[in-house]
Amino acid sequence: MENFTPVSAAIGGVMIGLSAALLWLANGRIAGISGIVGSLWTPRANDIAWRIAFIGGLIVAPVLYRMLGGALPKITIDAPWAIVVAAGLLVGFGTRLGSGCTSGHGVCGMARLSRRSLTATAIFMAAGIATRFALRHLVGV
Amino acid sequence: MIAAIAALGAGLLFGLGLTVSQMINPAKVLGFLDVLGDWDPSLVLVMATAIPVAALGYAFGRHRRAPLCGTAFMMPAQTDIDRRLIFGAVLFGVGWGTVGYCPGPAVSALLLGNPGTVLFVAAMLAGMGIHSGFQSVLGRQPRPA
C-alpha cells in the first residue's frame, strides 16, 4: 500500500461532500456528474445554466489549483486509444442507463441511504474490480 | 443567476476535491480497483469522508421547504431496483475498470493536456448521446441521476 495517500484523500473527500451539500441546499440538485453532463443531450431552457456553470467550475478547478501553487497529480493513461474509446462509450452509456456514477450513486446516493444507489455502487465497484483483475492478472496489460 | 453562481461554486469545490485527492489521475483509481495488486485504498477514504459531509447537507435540507436559489428539491423519485440499474452499473464498472476514469474526474481533467482524457470524454459524451437517442426512440423521458 505504498501509494496510499490518506490525508489528501480525506481532505479531498470533505470538499466533494461539501460540494454535494452546497448543490443540494442552494439548487436542490443531486451532484451526479453523469446526470449533469448527460442531460445536456436533452436540454431544457430553465435547466441548462446551472449545469453549464457546474461543469465550468469542475473543469477550471484543477487549473485554478495549479495557479494557486498546488502541485497537480500527473495524469497517466496507459491503454491504447481504441480501448480508451471503448471504455468511454461504456462509461457514458452505462452511467445513463444505470442513472448515475461514482458521484450520483457512490457519494450522493449513499449519503441519502438510497437502496438503488447502494445496489448500483456495489455492482459497479464489483464490475470495476473484476475488470481490473481480468486485464491486469489474466490478460497482463 | 444566483443559482448558476452557486452551481459554479459547487463545481469548483468538486473539482478541487478530485484534484487534492488525486482522483483526477486514472492510474490512482486503477490502483484502488486492483485489490490483488499493490492496493491503494485512497478512494475508500475519499468516499468515507465525502458521504457523511453530503449526508449532513441532505439532513439540513429536510428542515427547509425549498433550496436557497431554487423552487424545489429534486429528489430522485424512482426506488425500485430494475434491470436497467443493474445492467447500466455493470457496463459502467467495466469501462471504469478498463481506463480508471469515471465521469467526474474525466471532465475535470479536460484542460490538463492529456489527449487520452479528451478522447475518453468525447467517447463518453457519445455513449450518453446514444442512450438519449434510445430513450427518445422508446418514448421514455430520461430520469434525473
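## A tour of the A–B interface

Start by selecting both chains: 112 residues of chain B are in contact with 105 residues of chain A, where contact means C-beta atoms, placed from the backbone, within 7 Å. On the chain B side, α1 (2-20), α2 (26-33), α3 (42-61), α4 (83-99), α5 (103-108) and α6 each supply at least two of the touching residues. Helices here are DSSP runs (H or I, at least four residues; strands are E, at least two), numbered from the N terminus. Colour that side of chain B by class and you will find 75 nonpolar, 31 polar and six charged residues. Ala, Val, Leu, Ile, Met, Phe, Trp, Tyr, Cys and Pro count as nonpolar, Asp, Glu, Lys and Arg as charged, and the others, Gly among them, as polar.

A word on what you are viewing: this is a predicted model, in which local features need pLDDT of at least 70 and side-chain atom pairs count only at pLDDT 80 or more, while totals for chains, interfaces and linings use all residues. Residues are numbered from 1 along each chain as its sequence is written, with chains lettered from A and ligands numbered from 1 in the order in which they are written. The predictor gives the complex an ipTM of 0.97 and a pTM of 0.95. Chain B averages a pLDDT (the predictor's confidence in each residue, from 0 to 100) of 94, and 95% of its residues score at least 70.

The contact between α4(A) and α6(B) has 19 nonpolar, five polar and one charged residues.

The C-alpha trace of chain A spans about 50 × 40 × 30 Å along its principal axes. Of the 141 residues of chain A, 56% count as buried (20 or more other C-beta atoms within 10 Å; exposed is 12 or fewer, partly exposed in between; C-beta atoms are placed from the backbone).

**Last stop: two loops.** Pick Ser99(A), in the loop between α4 and α5 (102-111). Ser99(A) is not a glycine, yet has a positive phi of about 60 degrees. Is Ser99(A) buried or exposed? With 27 C-beta neighbours inside 10 Å, Ser99(A) is buried. Then move to Leu113(A), in the loop between α5 and α6 (115-139), where phi is also positive, near 55 degrees. Leu113(A) is exposed, with 11 other C-beta atoms within 10 Å.

Conventions:
Contact = placed C-beta atoms within 7 Å.
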